[in-house]
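Subject: Structure for you to look at

Dear colleague,

Here is the structure I promised to pass on, followed by some notes on what was found in it. Please have it open as you read.

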Amino acid sequence: MSEQNNENKNEALRISKFEANRGKYAAKYSKAYCQSFFRNILTPISETWFRPELIGFENFPKRTNPDAPLIFFSNHSGNGFPWDAIVYISKINSMNLAENESVRALISTDLTRYLCLNPFLVDDIWVKCGCINATPLNFETVMHLNEYNVMIYPEGINGIGKGSNKAYQIQPLQLSFLRMALKYKTDIVPFMTINAEYNCPLTITPKWLVKLARKLGLPFLPLGPIHICSFIFAPWLVYATAPAQINFIMGKPVKLSELVNKPYEELKKEELLELSEKIRASLEQQIKEANEVYGKKHYNIPTLLKAMRKNWKKFFIWWPPFWPFAITYFDVNYDEKVGDASIKFSLWKLIKTLFKRPRVISLFIPVWGWIVMIGKTIWQVKVLKKK
């Protein structure tokens, strides 16, 4: 009886730990903000500029274990800035899935740590839109609470920084998503991201540039035509992309329990690494097959022109030079109590936006904009080191 009481007490403490942690990682998240941002900003950008297609998602995977979320995972394209993930989240949210079928993304802590890795220097935009820092505690909290499915890019930041020339060469996968899937007895579901490498074509990440990035406290710095233009003309271009049409192809759920012959607790790291390599090779093969079918029309200009004509009234949102202002304007003016009416355009609100966030103007100023971005990054690195 005493042993049973101790088990119940330990379980209660475990649950309370996860409940307390939910309050921490979700502190800046607002469902209303997130949905309005998708509806008014990200969807017009995505549906016009990227025109994503979800292929095979009509048969959306169901949980084989109702007590644990599915873990979706995909390849990164190595295009310098993770627009592939941003577009996917926007598109998947447009499906109007049930609450427990919706998807929240676990992202590298590097993306939230530095202001310059937030799109157009908008503070906390990743977490405001529902992303969660991929720490071990956060990952397990999401799995335990079982409120929505999880999306992860197991190549990590190396997947973004591998260069577009290695777009479909899958980098070594992190083991955390395999550990969690095995521990919580759930399936992992691959989907293939095709064409996103053409958003920033000819992008490379030479070793000397990676070393420079590390000195600045960044995981990598990409180098390609768009990035060179950003150095010469205006820093905002470092976030910009060409209008490649991104396709997402659903794969078959993987039951990891069928690939191992012992309980999760008994698996050694070497065995997990072997399992990881099997998953990596399988994903790479599926990507190759998907690319042969869905990767032929990289930019699909006819659909781009059609989308531009259809959405011409929202030109000041989806045309790339307006992205910094559109996203910053939304972040400054959105009021959850008022809803979408709070972001209705007015000259006064624009002045208010520029007054409160003058750094958005610096993104259009050669040299000075980079001084602002790099200076802010170096300052953040020093602050983090002191902590």
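I begin with a loop, the one between α4 (109–113) and α5 (125–128), where D124 is found. Please bear in mind throughout that this is a predicted model. D124 has a positive phi of about 55° although it is not a glycine, and the residue is partly exposed, with a relative accessible area of 25%. I mention this since most residues other than glycine have a negative phi.

R51 also has a positive phi without being a glycine, in this case about 45°, and its place is in the loop between α2 (31–50) and β1. With a relative accessible area of 5%, R51 is buried, because the cut-off for that word is a relative accessible area under 20%.

The next topic is the sheet. Seven strands form an open sheet with mixed pairing, and their order is β1-β7-β6-β2-β5-β3-β4. The edges are held by β1 and β4, each of which has a single partner strand, so one side of each is left without a neighbour in the sheet. Helix α11 (residues 269–294) packs on this sheet and touches β1, β2, β6 and β7, its direction making about 40° with that of β6. Helix α6 (residues 136–145), for its part, lies across β2 (71–74), β3, β4 and β5, and runs at about 150° to β5.

Which strands pair with β7, and in what sense? Strand β1 (residues 53–55) runs parallel to β7 and is joined to it by three bridges, with N247 in β7 as the bridge partner of E53. Strand β6 (residues 188–194) pairs with β7 in the antiparallel sense over four bridges, and here F191 stands opposite M250 of β7. As for the side chains of β7 (residues 247–250), N247 and I249 point one way while F248 and M250 point the other way, and all are buried. This can be read against the general rule that in a regular strand the side chains alternate between the two faces of the sheet.

To strand β5 (residues 149–152), which runs parallel to it, β3 is joined by four bridges; in β5, N149 is the bridge partner of V103, and M151 is the residue opposite A105. To strand β4 (residues 132–133), which also runs parallel, β3 is joined by two bridges, and the bridge partner of I107 in β4 is N133.

Lastly, there is the surface. I361, I365, V367, W368 and I371 make a nonpolar surface patch of about 460 Å². Of these residues, I361 lies in helix α16 (residues 359–362) and is partly exposed, with a relative accessible area of 36%.

How values were computed:
Residues are numbered from 1 along each chain as its sequence is written. This is a predicted model: local features need pLDDT of at least 70, side-chain atom pairs count only at pLDDT 80 or more; totals for chains, interfaces and linings use all residues. Side-chain values use heavy atoms; hydrogens and water are left out. Buried means under 20% relative accessible area, exposed over 50%, partly exposed in between (1.4 Å probe, protein chains only). Two strands pair if DSSP finds at least two bridges between them. Contact means heavy atoms within 4.5 Å. Axes are lines fitted to C-alpha atoms, for helices over the stretch in contact, and angles run from 0 to 180 degrees between N-to-C directions. Patches are made of residues with over 30% relative accessible area and no salt bridge: like charges are joined within 9 Å, nonpolar side chains (Val, Leu, Ile, Met, Phe, Trp, Tyr) within 5 Å. Accessible areas come from the Shrake-Rupley method with a 1.4 Å probe; for residues, only the protein chains shown count as cover. A salt bridge is a side-chain nitrogen of Lys or Arg within 4 Å of a carboxyl oxygen of Asp or Glu.
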